[in-house]
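Please look over the sequence and the structure shown below before reading on. The briefing that follows is grouped by topic.

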Amino acid sequence: MASTVVRVNKRQDRTRTAATFSNTETAVGGSETTVLDKFDCALYNRYAIQIFNSDGSVAATAKVFGSLKDSPGSEGGSDWTQVGDDISVGTSSNALKAISTTPIRHLCVRATGNGADLTVIVYAEQV
């Protein structure tokens, strides 16, 4: 099970804000696993996602999902649509991707790679 999403608010200037949303390291199971629980990101319109894999022997494939629903159901279910391509994260490595053109109300990250240990950080900002 994914860990609780931790939100840290940041200020860019007098009128614009940003935030980071992150989890503690989460082990990926044998099937697709939620590594970053759903969170509300409706205040923001540009996102950067960095996924760290601390496991030295198992690569992972992560998928970012978005939803426009007020209260979407379980992560990755019928209320969710994959945003962008699959993200490959090698062993003892990380990947950084951007989402800058799609308005989204909620985000979550799911992954495969039985035994991978993933940490996710989403940086969201207003532009």
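A residue counts as buried when its relative accessible area is under 20%. The model described here is predicted. With a relative accessible area of 3%, Asn-53 falls under that cut-off and is therefore buried.

**Asn-53**

- Asn-53 is part of strand S5, which covers residues 46–53.
- A polar atom of the Asn-53 side chain lies 3.0 Å from the backbone nitrogen of Asp-55.
- Beyond its neighbours within four places in sequence, Asn-53 is in contact with several residues, among them Val-58, Ala-60, Val-89, Thr-91, Ser-93, Ala-116 and Leu-118.

**The largest nonpolar core**

- The largest nonpolar core has 29 residues, and Tyr-47, Ile-51 and Val-122 touch the most other members.
- The elements that give two or more residues to this core include strand S2 (17–22), strand S4 (33–40), S5 and strand S11 (117–125).
- S11 supplies the largest share of this core, four residues.
- Leaving aside neighbours within four places in sequence, Tyr-47 has contacts that include Cys-41, Ile-99, Leu-107 and Val-122.

**Cysteines**

- How many disulfides does a search of the whole structure find? The search finds zero.
- Cys-41 is in no disulfide, and the nearest cysteine sulfur, that of Cys-108, is 10 Å away.
- A disulfide requires the two sulfur atoms to lie within 2.5 Å.
- Cys-108 is likewise in no disulfide, with the sulfur of Cys-41 as the nearest cysteine sulfur.
- Cys-41 has a relative accessible area of 0%, so it is buried.
- Cys-108 is at 0% relative accessibility and so counts as buried.

- Why is S2 described as largely enclosed by the rest of the structure? The reason is that six of its six residues are buried.
- In a regular strand, side chains alternate between the two faces of the sheet.
- Strand S1 (residues 6–11) and S2 run antiparallel and are joined by six bridges.
- Val-6 stands opposite Ser-22 in S2.
- The hairpin that joins S1 to S2 passes through five residues.
- S2 also runs antiparallel to S11, with five bridges joining the two.
- Glu-125 in S11 is the bridge partner of Ala-18.

**Aromatic rings**

- The structure holds two aromatic pairs.
- Phe-21 and Phe-39 form a stacked pair, with 4.2 Å centre to centre and 20° between the planes.
- This pair links distant parts of the chain, since Phe-21 is in strand S2 and Phe-39 is in strand S4, 18 residues apart.
- Phe-21 counts as buried because its relative accessibility is 2%, and Phe-39 counts as buried because its relative accessibility is 7%.
- Phe-21 and Tyr-44 form an edge-to-face pair, with 6.2 Å centre to centre and 75° between the planes.
- Tyr-44 is in the loop between S4 and S5, 23 residues apart from Phe-21.
- Both Phe-21 and Tyr-44 are buried.
- Ring pairs link Phe-21, Phe-39 and Tyr-44 into a cluster.

Definitions and conventions:
Residues numbered from 1 in each chain as written. Predicted model: local features only at pLDDT ≥ 70, side-chain atom pairs only at ≥ 80, totals over all residues. Heavy atoms only, no water. Buried < 20%, exposed > 50% of the residue type's maximum accessible area, 1.4 Å probe, protein only. Polar contact = N/O pair within 3.5 Å; in protein donor to acceptor, adjacent residues only side chain to side chain. Contact = heavy atoms within 4.5 Å. Core = buried A, V, L, I, M, F, W, Y, C linked by side-chain atoms within 4.5 Å. Pairing = 2+ DSSP bridges. Phe/Tyr/Trp six-rings, centres within 6.5 Å; stacked < 30°, edge-to-face > 60°.
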